[in-house]
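Welcome! Take a look first, then try each one before reading on.

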Amino acid sequence: MMKPVGQPASIAAPAGASKTLLQVQSLFFQRNQLTILQNVQLTVDAGEVVLIRGENGSGKSTLIRLLTGLVPAQEPFEVTLDEQRFDPKDPRCQIQFQYLGHNLGLKDNLTCAENLKFYADFLGRRDDVTVQGALNACGLDGYQYSEAGRMSAGQRKRLALARLLLCPARIWFLDEPYSNLDAEGITLVDRLLQRHISEDGRALMTSHGTFVPQVSNHRELEIDGWTP
Amino acid sequence: MSLPRAVLALLARDLRLALRRRSEMLAPVLFLLMVATLFPLGLGPDRDLLVTIAPGVIWVISLLACLLSLNLLFYADLEDGTLDQLIISRWPLPVLALAKVGAHWLVSGLPVVLVAPVVAVAYGLSAETISIIALSLLLGTPILSSIGAIGVSLSVGLRRGGMFLSLLVLPLYVPVIIFATAAVTASLEGFSPAASLYLLAAMLVLAVTTAPFAIAAGLRISVS
């Protein structure tokens with residue numbers, strides 16, 4: 001939904017769908033007295049990928065970080081998950097989601113396998129995926145003993161994506177998952193997303209580019225940046 | 001998945017990272033050895049004078065070594081996004097903060113505790129005084145790490161937070177150095193150091209039990 005230039009950003013989406021998993025209402029955010037996000041409403045259904053599109057600085061990343069609880073809410077807003085209140089500071093909700101941001105959460109001095117092993121021990125590991133399996137699935141077979149700091153930006157991104165595969169979560173919050181990736185990496189993201197939604201997972205992701213996720217069930221929302 | 005396993009994973013990862021970057025790990029010990037060597041060169045080889053100043057010198061150097069090593073805490077985690085992952089994980093952040101501080105003390109505080117007695121021998125202190133110095137450092141350096149971590153958690157998001165960190169943390173270090181050196185001076189003069197050591201132990205308990213909550217709050221502010 002487009003807004004005239006100079007208006008605060010807002011996202012509108014049809015609410016009240018039957019199998020709504022994640023519902024966000026009246027989210028509001030200001031920075032330096034500029035209203036960046038106002039009256040944001042969105043839903044992510046079960047088995048659906050929702051792509052938030054917007055220019056640089058339009059508040060996409062902030063929206064995601066607000067939902068993960070990393071950025072504290074300035075005004076209370078309502079997020080519900082299966083009609084229950086979703087509080088990102090509650091451990092019962094934290095176990096439900098994973099976040100992949102611009103900073104990937106990898107340690108340069110650890111090898112690929114050690115990085116993943118840490119997250120497997122720290123966040124929990126899916127029974128049907130091993131560290132090696134996740135590396136192979138992300139095209140990093142043979143790199144398990146390479147230090148993450150010595151790999152290219154795209155390979156590091158793949159390593160971070162392997163974490164999504166390895167650790168269980170129903171909701172993925174992905175901030176620019178396509179950045180730094182080659183054509184094969186982009187299909188890798190799509191493959192991971194497809195697999196995630198086929199298991200009734202949900203993903204909310206951002207993009208400033210023109211990539212459209214090649215998955216069976218996705219929706220796009222436009223976010224309009226505040227232009228001074 | 002359980003909390004102990006997650007904490008162990010975090011601790012093991014931090015120790016492994018420290019082993020991969022040995023130069024950073026050895027810096028506090030080298031700092032202690034270098035500065036302790038410079039004092040006799042500057043003051044002259046007067047044995048009585050060196051014995052008198054040794055406890056204070058060793059403690060001041062240890063405190064500064066701890067201050068210098070604080071930059072290893074949380075900065076890398078903030079930059080590479082690990083801190084985000086720690087905060088949004090389901091585990092209580094104060095417990096994770098305590099694990100981070102524990103790992104930091106093991107690689108920067110404990111080596112100082114172990115090397116300080118060697119420096120004390122070089123200064124010609126008696127065996128009894130050396131044991132009091134070692135004990136006071138064992139009790140005191142974890143306090144320095146805990147208090148320092150509060151300062152780091154608040155300044156980690158600032159671009160040039162180093163000066164702010166020193167200003168914030170040094171006044172809080174004052175009671176630690178007062179009671180630690182009081183214990184050593186008491187034993188040098190033939191009195192019992194117990195009172196000061198007990199106070200130091202009480203401060204340690206206070207720091208380890210309350211600092212993690214302050215660190216967690218500071219980290220949440222720094223990432224937002």
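**Exercise 1. The core**

How many residues does the largest nonpolar core have, and which residues have the most contacts inside it?

*Solution.* Keep in mind as you work that this is a predicted model.

Step 1. Start with the count: the largest nonpolar core has 128 residues.

Step 2. Look for the residues with the most contacts inside this core: they are A:L116, A:A162, A:F173, B:I58, B:A97, B:A116 and B:A120.

Step 3. Ask which element contributes the largest share: that is α6(B), with 15 residues of the core.

Step 4. Zoom in on B:I58. Leaving aside residues up to four places away in sequence, B:I58 touches B:A36, B:A116, B:V119, B:A120 and B:I133.

**Exercise 2. The sheet in chain A**

Find the open sheet of chain A and work out in what order its strands lie.

*Solution.* 

Step 1. Chain A has 6 helices and 9 strands in its secondary structure.

Step 2. The open sheet is formed by 5 strands, with parallel pairing, in the order β6-β7-β8-β3-β9.

Step 3. Check the edges: β6 (97–100) and β9 (218–223) of chain A each pair on one side only.

Step 4. From one strand to the next, the twist averages 15 degrees.

Step 5. Helix α1 (residues 60–68) of chain A lies across β3 (49–54), β6, β7, β8 (202–207) and β9, and runs at about 150 degrees to β8(A). Helix α6 (residues 183–198) of chain A lies across β3, β7 and β8, also running at about 150 degrees to β8(A).

**Exercise 3. A strand and its neighbours**

Follow strand β7 (residues 171–174) of chain A and describe what it pairs with and where its side chains point.

*Solution.* 

Step 1. Strands of a sheet pair through backbone hydrogen bonds. On one side, 4 bridges join β6(A) to β7(A), and the two run parallel; here A:Y99 stands opposite A:F173.

Step 2. Towards β8(A) there are 4 bridges as well, again with the strands running parallel. A:L174 has A:M205 of β8(A) as its bridge partner.

Step 3. In a regular strand, side chains alternate between the two faces of the sheet. In β7(A), A:I171 and A:F173 point one way, while A:W172 and A:L174 point the other way.

Step 4. Are these four residues buried or exposed? All are buried. Across chain A, buried residues make up 44% of the 228 residues.

**Exercise 4. Two helices of chain B**

Describe how helix α1 (residues 3–20) and helix α6 (residues 93–122) of chain B meet.

*Solution.* 

Step 1. Their axes come within 9 Å and cross at roughly 35 degrees. The crossing is right-handed.

Step 2. Among the residues making the contact are B:L3, B:V7 and B:L10 of α1(B), and B:V95, B:L96 and B:A99 of α6(B).

Step 3. Sort the contact residues by type: 12 are nonpolar, 1 is polar and 2 are charged.

**Exercise 5. Where the chains touch**

Which helix gives the most to the side of chain B that touches chain A?

*Solution.* 

Step 1. The contact takes 22 residues from chain B and 23 residues from chain A.

Step 2. On the chain B side, α1, α4 (75–80) and α5 (82–88) each supply at least two residues.

Step 3. The helix that gives the most is α1(B), with 8 residues.

Step 4. By type, this side of chain B divides into 8 nonpolar, 5 polar and 9 charged residues.

Terms used. Residues numbered from 1 in each chain as written. Chains lettered and ligands numbered in written order. Predicted model: local features only at pLDDT ≥ 70, side-chain atom pairs only at ≥ 80, totals over all residues. Axes fitted to C-alpha atoms, helices over the stretch in contact; angles between N-to-C directions. Left-handed = near helix turned anticlockwise from the far one by under 90°. Contact = placed C-beta atoms within 7 Å. Nonpolar A, V, L, I, M, F, W, Y, C, P; charged D, E, K, R; others polar. Pairing = 2+ DSSP bridges. Core = buried A, V, L, I, M, F, W, Y, C linked by C-beta atoms within 7 Å. Buried ≥ 20, exposed ≤ 12 C-beta atoms within 10 Å, placed from the backbone.
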